[in-house]
Amino acid sequence: MAPAQRRLSAVLHADLTGFVRLMESDEAGTVERLKSAQRGAFAPAIEQAGGRLVDSAGDSLLAEFSSAVAAVTAAIDIQQKMAAINSALPENRRLLFRIGVHLGELIVDEHEHIFGDGVNLAARIQAFAAPGGIAVSRAVKDVTELQIDGIFIDAGEQRLKNVSRPVQIYHVQPANNALAQTTTSVVPRTTLRFQGTDVGGHTFVLDVALDKLIAAHSGLVIGRDADKCELPLVHSTVSRRHARLLFSGEDLKIEDLGSTNGTQVNGAAARPGAPLAVRVGDRIRIGEIEFTVSE
């Protein structure tokens, strides 16, 4: 058996949001649309950027690139292609992928399968991307920022599942802001930022696009389970489905979903079925993380 080799590569990990829900409602159609997305968006974008598709099992895809610039370029191309594909689908059938990109050292076996910290971190970073969005590590941002036509939005230091050290994460938007626009609602693209720290001083950031929040009639869920939450927040004191942001009338509100450690607005508890209004400048406590809301 040939010994395993090591090499520095950029890893792209993509995962389909809400896969279980999509399969439950339309199993055959979801499989066909997933295959179509792989053929029409992922394969050409990866090939054009000079990468290789390593694995495409189920609802996730893994690709390797010799260049971080190529990996981010492919990620943007994939999400723009997916936006075009989704525009022809009803909202409850759309395929919204989260994409994470990391630059790190890999272990490569004789079959060109890849393993190691670089792969694991790309998968963890992916969970912090918005559905239809891209998240990257600081290592990727530092070597690509001046070489791609895009904008990097600082999401702060994040604690990743089973990773001992905090990782600085950035959201990536193309300069023309053409990532997945999957609704027909005409709403100003205003973003609210929830930025805060836990008791250990670790920084956490949630960026909430108001157009997506308004279009999501049942709201956006905050929680530790990235597959079941539109706004993933990985922390030991955050429940799998912890709280929900929603519009009620003209007010932005937050509702606790029966979490273990609770949700508060300016010290008042937001309970299941009794959401509290949220305004710029408010202090929002989710588990042991206290956020301040800003535009």
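**A walk through the fold, from outline to core**

β6 and β8 are strands that run antiparallel to each other and pair over 4 bridges. Here, two strands count as paired if DSSP finds at least two bridges between them. Before going on, note that this is a predicted model, where local features need pLDDT of at least 70, side-chain atom pairs count only at pLDDT 80 or more, and totals for chains, interfaces and linings use all residues. Residues are numbered from 1 along each chain as its sequence is written, and side-chain values use heavy atoms, leaving out hydrogens and water.

Let's stay with β8. Val136 stands opposite Tyr170 in this strand, and Tyr170 is also the bridge partner of Asp154. Strand β7 (residues 150–158) is joined to β8 by 7 bridges, again antiparallel. Because 7 of its 8 residues are buried, β8 is largely enclosed by the rest of the structure. Buried means under 20% relative accessible area, with over 50% called exposed and anything in between partly exposed (1.4 Å probe, protein chains only).

Now step back: the chain has 6 helices and 19 strands. These are DSSP runs numbered from the N terminus: H or I with at least four residues for helices, E with at least two for strands.

What about the inside? The largest nonpolar core has 36 residues, and Val136 is among those touching the most other members, along with Leu12 and Phe42. Such a core is a set of buried Ala, Val, Leu, Ile, Met, Phe, Trp, Tyr and Cys residues joined through side-chain atoms within 4.5 Å. α3 gives the largest share, 10 residues. A second, separate core of 25 residues includes Ile222 and Leu245.
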